[in-house]
Amino acid sequence: MQIEFEICVLDNGLKLIVHQDKTTPMIAVNVLYNIGSKDENKEHTGIAHLFEHLMFSGSKNAPNFDVVLDAVGGENNAFTNNDFTNYYISVPKLNLETALWLESDRMEALNISNKSLSVQKKVVIEEFKQNYLNQPYGDVSLLMKPLVYTQHPYSWSTIGKEISHIEKTTLKDIQQFFQNYYHPDNAILVLAGDIQMQEARLLVEKYFLHIPNAHTPLRSIPAEPEQTQARHLDVKRNVPHNTLYKTYHICPRMHPDFYAFDLLSDILSNGKSSRFYIELVKNKRIFTDINAFVSGDIEAGTFMINGTLSAGVSMEMADASIVEMIEEIKRQPIGEQELEKVKNKLETSLIFSNMKALDKAMNLAYFELMGGAALLNEEDRKYRQVDISHLQRVSKQYLYPENCSTMYYYAEKTK
């Protein structure tokens with residue numbers, strides 16, 4: 001399914017993408033800022049995510065963002081990840097100008113004060129405690145990321161390395177962050193709905209063109225050195241079951257090998273006909289649940305496997321069973337029918353991921369960030385190009401012991 005769109009760049013550097021969808025009375029407004037947790041200092045992390053919260057603290061002309069949007073039938077939210085921060089609104093077309101006004105006002109004149117910073121720091125710290133420290137298995141990413149990455153800033157979670165980093169964030173830090181990254185030429189604005197480019201551009205210029213561009217600091221992100229030795233970590237926590245985590249370094253998101261790994265993850269763990277389920281859950285009963293997936297990071301990411309062990313099964317036995325199945329893929333090529341099956345499933349998933357106007361708006365912004373919105377329409381072809389030899393080659397090239405970081409996550413009662 002081809003996603004039709006038009007793109008232009010305003011004089012202040014703001015990229016505007018418009019996708020006309022006549023099937024919906026709503027307009028999706030998506031603003032992606034090219035700033036993520038990878039841009040933080042390793043000694044002061046969590047600012048990108050904290051700032052996302054501050055973006056809802058109100059702006060010069062709209063002290064209460066949500067109240068204004070609710071009054072015109074709009075909904076909104078946001079998320080931050082390693083690579084970028086994304087804000088989105090769904091609003092009836094009749095009230096599109098309200099959404100654009102709100103987004104432009106906080107891009108130009110966000111209400112940053114000691115009071116709002118103090119409030120949002122408390123919110124984020126509570127989120128850190130609730131989701132990462134007091135949740136069973138919540139600290140997995142806090143433990144696994146620095147085990148896998150020794151130099152690259154993917155070594156910390158988006159929420160930050162530790163609570164103290166959030167606590168020490170000052171108003172000056174936040175003001176500098178805003179000046180560095182929240183300006184038109186560091187943003188991609190997508191409108192998806194029953195609107196054409198000519199109308200959209202006039203409205204966007206009305207609300208955004210007066211905002212000056214700025215100079216985004218040049219990125220200086222250290223490359224992760226090749227992992228040449230297997231890494232291992234044992235931890236013990238108050239959790240119900242022993243769980244095993246294995247992570248391999250792979251390629252960046254837009255590399256051809258990513259598509260092979262995404263398909264391989266489905267072959268191994270997508271559904272009850274997958275290899276891991278049949279062999280390790282159903283037949284051998286080594287795991288009660290096991291999954292394989294790719295991180296999808298824009299820069300060199302990871303291929304991850306995690307599984308919950310059955311009672312009485314040792315970590316060493318579970319680990320060896322996964323390694324053996326990976327070695328089997330290296331030795332014995334995957335069958336054509338098996339590969340075609342997962343390609344068909346993934347093709348269906350791609351279609352559903354572009355059904356709603358908001359989904360299309362997000363995806364267009366994401367692919368524009370990665371090199372061009374038109375790349376979104378190349379996804380199905382790239383998956384279709386993956387063949388059996390490609391799967392076997394990436395398995396041999398990346399899935400070897402020295403390139404793997406393994407964590408044995410023990411339930412306290414079992415060790």
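A salt bridge is a side-chain nitrogen of Lys or Arg within 4 Å of a carboxyl oxygen of Asp or Glu. A search of the whole structure, which is a predicted model, finds 20 salt bridges. The structure also holds 24 aromatic pairs. Its largest nonpolar core has 56 residues, and another core, of 44 residues, lies apart from it.

**Salt bridge between Arg 237 and Asp 139**

- The side chains of Arg 237 and Asp 139 come together in a salt bridge, at 2.7 Å from N to O.
- Arg 237 belongs to strand E7 (residues 231-237) and Asp 139 to the loop between H4 and H5, so this pair ties together parts that are 98 residues apart in sequence.
- The loop that holds Asp 139 runs between helix H4 (114-133) and helix H5 (140-148).
- Asp 139 has a relative accessible area of 11%, so it is buried.
- Arg 237 is partly exposed, because its relative accessibility is 29%.
- Once neighbours within four places in sequence are left aside, Asp 139 is in contact with Tyr 132, Arg 237 and Tyr 409.

**Other salt bridges**

- Asp 319 and Lys 246 also meet through their side chains in a salt bridge, with 2.9 Å from N to O.
- Asp 319 sits in helix H11 (residues 315-331) and Lys 246 in strand E8 (residues 243-249), so the pair ties together parts that are 73 residues apart in sequence.
- Asp 319 counts as buried at 11% relative accessibility, and Lys 246 counts as buried at 5%.
- Arg 381 forms a salt bridge with Glu 378, and their closest N and O atoms are 2.6 Å apart.
- Arg 381 is partly exposed at 39% relative accessibility, and Glu 378 is partly exposed with a relative accessible area of 27%.

**Aromatic rings**

- Among the 24 aromatic pairs of the structure is the one formed by Phe 177 and Tyr 181, which is tilted, with 5.1 Å centre to centre and 55° between the planes.
- Both Phe 177 and Tyr 181 lie in helix H7 (residues 171-181), where they are 4 residues apart, about one turn of the helix.
- Phe 177 counts as buried at 8% relative accessibility, and Tyr 181 is buried with a relative accessible area of 10%.
- The pair of Phe 258 and Tyr 259 is edge-to-face, because the ring planes stand at 90°, with the centres 5.5 Å apart.
- Phe 258 and Tyr 259 are both buried.
- Ring pairs link Phe 177 and Tyr 181 into a cluster with Tyr 33, Phe 51, Phe 56, Phe 65, Tyr 87, Phe 178 and Tyr 182.
- One ring of this cluster, that of Phe 56, has Arg 106 over its face, at 4.8 Å from the ring centre.

**Nonpolar cores**

- In the core of 56 residues, those with the most contacts inside it are Phe 51, Leu 100, Tyr 182, Leu 189 and Leu 191.
- Helix H8 (residues 197-208) gives the most to this core, namely 6 residues.
- Leu 189 touches Leu 14, Lys 15, Leu 16, Ile 17, Val 29, Asn 30, Val 31, Leu 100, Val 204 and Phe 208, with residues up to four places away in sequence not counted.
- The other core, of 44 residues, includes Val 294, Val 342, Cys 404 and Tyr 408.

**Helix H13**

- Helix H13 (residues 357-369) has 13 residues and reaches 19 Å from its first C-alpha to its last, close to the 18 Å expected at 1.5 Å a residue.
- Of the 13 residues of H13, 11 are buried, so this helix is largely enclosed by the rest of the structure.
- Just after H13, Gly 371 takes a positive phi of about 140°.

Notes
Residues numbered from 1 in each chain as written. Predicted model: local features only at pLDDT ≥ 70, side-chain atom pairs only at ≥ 80, totals over all residues. Heavy atoms only, no water. Phe/Tyr/Trp six-rings, centres within 6.5 Å; stacked < 30°, edge-to-face > 60°. Helix = DSSP H or I, 4+ residues; strand = E, 2+ residues; numbered from the N terminus. Buried < 20%, exposed > 50% of the residue type's maximum accessible area, 1.4 Å probe, protein only. Lys NZ or Arg CZ within 6 Å of the ring centre and 35° of its normal. Core = buried A, V, L, I, M, F, W, Y, C linked by side-chain atoms within 4.5 Å. Contact = heavy atoms within 4.5 Å. Expected span 1.5 Å × (residues − 1).
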